[in-house]
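This report describes a single protein chain.

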Amino acid sequence: MFLTLTLLRKGVPGKQWIGKYRRPRPVTWQMKRNTLKHLEREAENEYWISRPYMTAEQELGHAAERRAQSWQKIKESKFCNFPAHKSVTDHLAHLNISKNWSS
């Protein structure tokens with residue numbers, strides 16, 4: 001039955017690039033070249049990642065001063081937008097129309 005179907009059928013049924021019985025794509029030399037370039041790039045990245053720039057002792061706390069300075073800048077920028085202090089008398093000044101206790 002399968003032999004007859006393969007011999008008599010003209011092509012791949014349905015959509016030819018997706019599905020269980022899809023048409024196989026031919027592997028071209030460009031595909032091989034691109035895969036090889038990708039693998040070489042991956043190997044080079046792996047090489048550079050495996051060799052650290054700093055030792056563990058150097059890396060420990062190496063950016064603490066820079067982080068503290070940037071945090072100080074952020075704090076100062078937040079405080080410069082902060083409104084000035086007001087006392088309770090300033091808030092309640094609108095109630096002080098007259099000093100009379102009796103009306």
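## Architecture

How many helices and how many strands are there in the protein chain? The protein chain contains five helices and zero strands. Read from the N terminus, the order of elements is α-α-α-α-α.

## Confidence of the model

The model is predicted. For the protein chain the mean pLDDT is 85, and 86% of the residues reach 70 or more. Among the elements, helix H2 (residues 29-50) has the highest mean pLDDT, at 97, whereas helix H1 (residues 2-8) has the lowest, at 67.

## Exposure of the chain

Of the 103 residues in the protein chain, 1% are buried. The chain exposes about 11200 Å², and carbon and sulfur atoms supply 60% of this area.

## Aromatic pair

One aromatic pair is present in the structure. Its members are Tyr47 and Trp48, which are arranged edge-to-face, with 5.0 Å centre to centre and 75° between the planes.

## Nonpolar surface patch

Val88, Leu92 and Leu95 make a nonpolar surface patch of about 310 Å². Within this group, Leu92 is found in the segment after helix H5 (88-91). Leu92 has a relative accessible area of 45% and is therefore partly exposed.

Key. Residues are numbered from 1 along each chain as its sequence is written. This is a predicted model: local features need pLDDT of at least 70, side-chain atom pairs count only at pLDDT 80 or more; totals for chains, interfaces and linings use all residues. Side-chain values use heavy atoms; hydrogens and water are left out. Patches are made of residues with over 30% relative accessible area and no salt bridge: like charges are joined within 9 Å, nonpolar side chains (Val, Leu, Ile, Met, Phe, Trp, Tyr) within 5 Å. Accessible areas come from the Shrake-Rupley method with a 1.4 Å probe; for residues, only the protein chains shown count as cover. A salt bridge is a side-chain nitrogen of Lys or Arg within 4 Å of a carboxyl oxygen of Asp or Glu. Helices (H or I, at least four residues) and strands (E, at least two) are DSSP runs, numbered from the N terminus. Buried means under 20% relative accessible area, exposed over 50%, partly exposed in between (1.4 Å probe, protein chains only). pLDDT is the predictor's confidence in each residue, from 0 to 100. Rings of Phe, Tyr and Trp (its six-membered ring) pair if their centres lie within 6.5 Å; planes under 30 degrees apart count as stacked, over 60 as edge-to-face and the rest as tilted.
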